[in-house]
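User: Please take me through the model below. I will ask as we go.
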Amino acid sequence: MHRRHRPTRSRLAGVILCAALSGVLLGALPACGNAEPEAPSPFAAEPEYTYTVRGTVVTLPGPTSDLSVHHEPIPDFVDPRTGEVFVNPDDTLGMKAMVMPMPPRPGLDISTLNVGDEVMITFGVWTGLDTPAGFAHRMTGYERIEGGAQGERAPEPDAEPADGP
């Protein structure tokens, strides 16, 4: 005599759950093949132009500000739109001294920078980008200037004042 085995409710529920998950997972597989790979950062490539200039850190990245540096003039600065040294309205060449936002290149650690630090910064300019200007710049490196002013990191807005002297 051959006995038929009747599945219990818990076993039946497990079989149904496995079947349902298999269908969901198998149905998702074709979508995985259609997923577009994440585009590489344009800043992973070498920049078209690179500049090293002396400057002073003016602001650090925060909720309402970006890293910015007041830098000296860059007389050989090339206008990335024309490929020629930039000519100012007063006929001076290159980029004048200015406070300039200086977003760091992805992966550059700027955690040791402080407002007021005197630094030599290196920044790159990438062209042919899908931006309104068609180009963008990023700070690619920095060194503190030996003997230059060293600022102090401003306390975080929600930080409690330190106790004692």
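User: What is the relative accessible area of Arg 144?
Analyst: The relative accessible area of Arg 144 is 31%, so the residue counts as partly exposed. Buried means under 20% relative accessible area, exposed means over 50%, and partly exposed lies in between, with a 1.4 Å probe and protein chains only. This is a predicted model, in which local features need pLDDT of at least 70 and side-chain atom pairs count only at pLDDT 80 or more, while totals for chains, interfaces and linings use all residues. Residues are numbered from 1 along each chain as its sequence is written, and side-chain values use heavy atoms, with hydrogens and water left out.

User: Which side chain does Arg 144 meet in a salt bridge?
Analyst: The partner is Asp 117, at 2.9 Å from N to O. The two belong to distant parts of the chain, 27 residues apart: Arg 144 is in strand E7 and Asp 117 is in the loop between E5 and E6. A salt bridge here is a side-chain nitrogen of Lys or Arg within 4 Å of a carboxyl oxygen of Asp or Glu. Helices (H or I, at least four residues) and strands (E, at least two) are DSSP runs, numbered from the N terminus.

User: Is Asp 117 buried or exposed?
Analyst: Asp 117 counts as buried, with a relative accessibility of 0%.

User: How many salt bridges does the structure hold?
Analyst: It holds four. One of them joins the side chains of Glu 118 and Arg 54, with 2.8 Å from N to O. Glu 118 lies in strand E6 and Arg 54 in strand E1, so this pair ties together parts that are 64 residues apart in sequence. Arg 54 is partly exposed, at 32% relative accessible area.

User: And which residue forms a salt bridge with Asp 79?
Analyst: That is Arg 81, with the closest N and O atoms 3.1 Å apart. Arg 81 is exposed, with a relative accessible area of 60%, whereas Asp 79 is buried at 8%.

User: Changing topic to the fold. What is the order of the strands in the sheet?
Analyst: The order is E5-E2-E1-E6-E7, an open sheet of five strands with antiparallel pairing. E5 and E7 are the edge strands, as each pairs on one side only. Neighbouring strands of this sheet are turned by 45 degrees against each other on average, direction ignored. For such angles, axes are lines fitted to C-alpha atoms, for helices over the stretch in contact, and the angles run from 0 to 180 degrees between N-to-C directions. Two strands pair if DSSP finds at least two bridges between them.

User: How many bridges join E1 to E6?
Analyst: Eight bridges join strand E1 (residues 49–59) to E6, and the two run antiparallel. Within this pairing, Thr 52 has Thr 122 in E6 as its bridge partner. On to strand E7 (residues 135–144): its antiparallel pairing with E6 extends over nine bridges, and Val 119 stands opposite Arg 144 there.

User: Why is E6 described as largely enclosed?
Analyst: Strand E6 (residues 118–127) is largely enclosed by the rest of the structure because seven of its 10 residues are buried.

User: What about the E2 side, where four bridges join it to E5?
Analyst: Strand E2 (residues 68–71) runs antiparallel to E5. There, His 70 stands opposite Val 99 in E5.

User: Back to E7. Which residues does Glu 143 touch?
Analyst: Glu 143, in strand E7, touches Glu 118, Val 119 and Met 120, leaving aside residues up to four places away in sequence. Contact means heavy atoms within 4.5 Å.

User: Where is Asp 91 placed?
Analyst: Asp 91 is in the loop between strand E4 (84–85) and strand E5 (98–101). Its phi is near 70 degrees, a positive value in a residue other than glycine. Asp 91 is exposed, with 62% relative accessible area.

User: Finally, how many helices and strands are in the chain?
Analyst: The chain has one helix and seven strands, which run α-β-β-β-β-β-β-β from the N terminus on. Of its 165 residues, 25% count as buried.
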